[in-house]
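Dear colleague,

Please find below the structure that I am handing over to you. My notes on it follow directly after.

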Amino acid sequence: MSYFTEADFKNLWKREETAYFTLPLPSDEELAALEQRLGVKLPASYIEFVSASQNGGLLKRNGFPIHNASGNAIRHVKIDYINATGRRPGDESLPTHYAGHKARDMPQLFYDIPNLLEIGGILGAPYYDFFVLNYLECGTSGEPSVAFITRKVRCGKNGEPVDGIEDWRNINETYYWEVTTVAPTFDAFIKELIVMPKLPAFDFAALKAPLKQAAQKSFREIIKAHGHEVIISFGLYVDDEGSMVADAANTKAHLEKLVTEDPSDKDYFAYATNEWRYEGTDFTLDLFEPICNELAMYSAVLGSDGKMKRFRDKLLDLCTEVLAELKAEDFFAKEYNSPVLLSVGASNGDVSTARRKKIRALLA
């Protein structure tokens with residue numbers, strides 16, 4: 001059985017000047033020895049790939065679409081190379097057991113995971129994003145899926161490993177590894193690789209007017225529905241990828257409840273939109289939805305976490321500009337008879353201290 005056709009390899013590889021990432025095609029004996037060293041059965045499609053196409057190398061089709069539950073691409077992850085099978089002079093045998101970078105901040109426990117085999121990654125990155133053959137669920141003799149692994153900041157969301165318990169995904173009290181299955185088999189993964197799209201600069205200026213209109217309508221509707229609860233805060237928040245923006249509001253009673261439970265975090269609860277009583281209300285979906293669709297389409301092809309974070313931060317700046325402008329126009333004072341604290345945040349709370357201070361100063 002053949003898993004690939006010539007079409008699957010079209011425009012797949014980039015020409016290398018030094019061929020550092022490419023090794024000679026492995027023999028059957030070398031592949032058998034590799035399986036013995038790794039302690040796993042390699043997928044038949046992987047063996048065909050490194051034996052018939054090219055044994056590792058830089059990729060021209062260097063992007064992989066990550067889909068949501070509905071099958072829509074929500075982002076594209078960059079993958080610069082496929083690991084070769086064999087041994088480079090002065091280098092360790094490939095592929096390797098990996099769950100992270102062999103750096104001083106990564107103890108061996110967090111990268112030597114026997115049932116994760118690194119097959120590709122990103123050049124010039126801190127090495128916190130990579131693709132693996134994942135044997136954790138199928139066992140060492142099963143058919144592994146392909147997973148994308150990236151380092152994440154703990155935010156207390158569902159799905160995070162619990163800090164302090166034995167779990168390879170735990171790095172330390174700040175970081176953990178997030179694992180996303182991207183393809184059921186290795187051949188499916190190769191066939192879905194694309195050339196990373198090149199993007200023009202995003203037009204944030206054009207987004208300002210519709211976002212301002214959405215914020216105005218949202219505040220009016222929240223006051224109409226919940227004003228009797230004493231609204232004390234209103235804000236906008238975005239997600240990690242900068243693929244959406246939504247409204248948030250907090251009540252006096254909810255803040256008092258949170259502070260009673262944890263008085264030391266009073267300041268955090270006051271400004272953290274992800275802790276507020278109302279997040280992502282349905283009142284203004286007609287205005288927020290087209291904004292989110294535009295953001296999601298652009299964010300999906302950014303490729304790296306670094307680019308995505310810079311995009312998200314510009315979106316945070318735009319949200320801050322919109323709320324500051326509304327405040328300068330006395331919009332909130334005219335619509336509601338009580339003072340309202342304004343805030344802009346991220347759905348997971350992951351905003352740098354410097355940016356949080358800047359947002360607070362502009363909205364004070």
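A residue is called buried here if its relative accessible area is under 20%, exposed if over 50%, and partly exposed in between (1.4 Å probe, protein chains only). By that rule, 49% of the 364 residues of the protein are buried. Please note that this is a predicted model, in which local features need pLDDT of at least 70 and side-chain atom pairs count only at pLDDT 80 or more, while totals for chains, interfaces and linings use all residues. Residues are numbered from 1 along each chain as its sequence is written, and side-chain values use heavy atoms, with hydrogens and water left out.

Overall composition

The protein has ten helices and 14 strands; these are DSSP runs (helices H or I, at least four residues; strands E, at least two), numbered from the N terminus. Its accessible surface is about 17900 Å², and carbon and sulfur atoms account for 52% of that; the areas come from the Shrake-Rupley method with a 1.4 Å probe, and for residues only the protein chains shown count as cover. Contact means heavy atoms within 4.5 Å. Of the contacts between residues at least 6 apart in sequence, 66% join residues at least 24 apart.

The sheet and its helices

An open sheet of four strands runs in the order β13-β12-β11-β14, with mixed pairing; two strands pair if DSSP finds at least two bridges between them. Its edge strands, each pairing on one side only, are β13 (278–279) and β14 (341–346). β13 pairs with β12 (residues 245–251) in the antiparallel sense over two bridges, and Tyr278 in β13 is the bridge partner of Ala249. Helix α4 (residues 204–226) packs on this sheet and touches β11 (231–238), β12 and β13, with a direction about 145° from that of β11. Helix α8 (residues 305–328) also packs on the sheet, where it touches β11, β12 and β14 and makes about 170° with the direction of β14. Axes are lines fitted to C-alpha atoms, for helices over the stretch in contact, and angles run from 0 to 180 degrees between N-to-C directions.

Partners of α8

The axes of α7 (residues 285–299) and α8 come within 11 Å and cross at roughly 155°, and the two helices are therefore roughly antiparallel. Angles under 35 degrees count as roughly parallel, over 145 as roughly antiparallel, 65 to 115 as roughly perpendicular and the rest as oblique. Leu295, Tyr298 and Ser299 of α7 meet Met308, Phe311 and Leu315 of α8. With α10 (residues 353–363), α8 packs at an angle of about 15°, the axes being 9 Å apart, which makes these two helices roughly parallel. Among the residues in this contact are Leu316 and Leu323 of α8 and Ile359 and Leu362 of α10.

Individual residues

Cys319 is found in α8 and is buried, with a relative accessible area of 0%. Beyond its neighbours within four places in sequence, Cys319 is in contact with Leu211, Leu236, Val238, Val245 and Val344. Val344 is 25 residues from Cys319 in sequence, and their C-alpha atoms are 6.7 Å apart.

Asp330, in the loop between α8 and α9 (331–335), has a positive phi of about 60° although it is not a glycine. Asp330 counts as partly exposed, at 43% relative accessibility. Asn11 likewise has a positive phi, near 55°, and is a residue other than glycine. Asn11 is placed in the segment before α1 (28–38) and is partly exposed at 41% relative accessibility.

With kind regards
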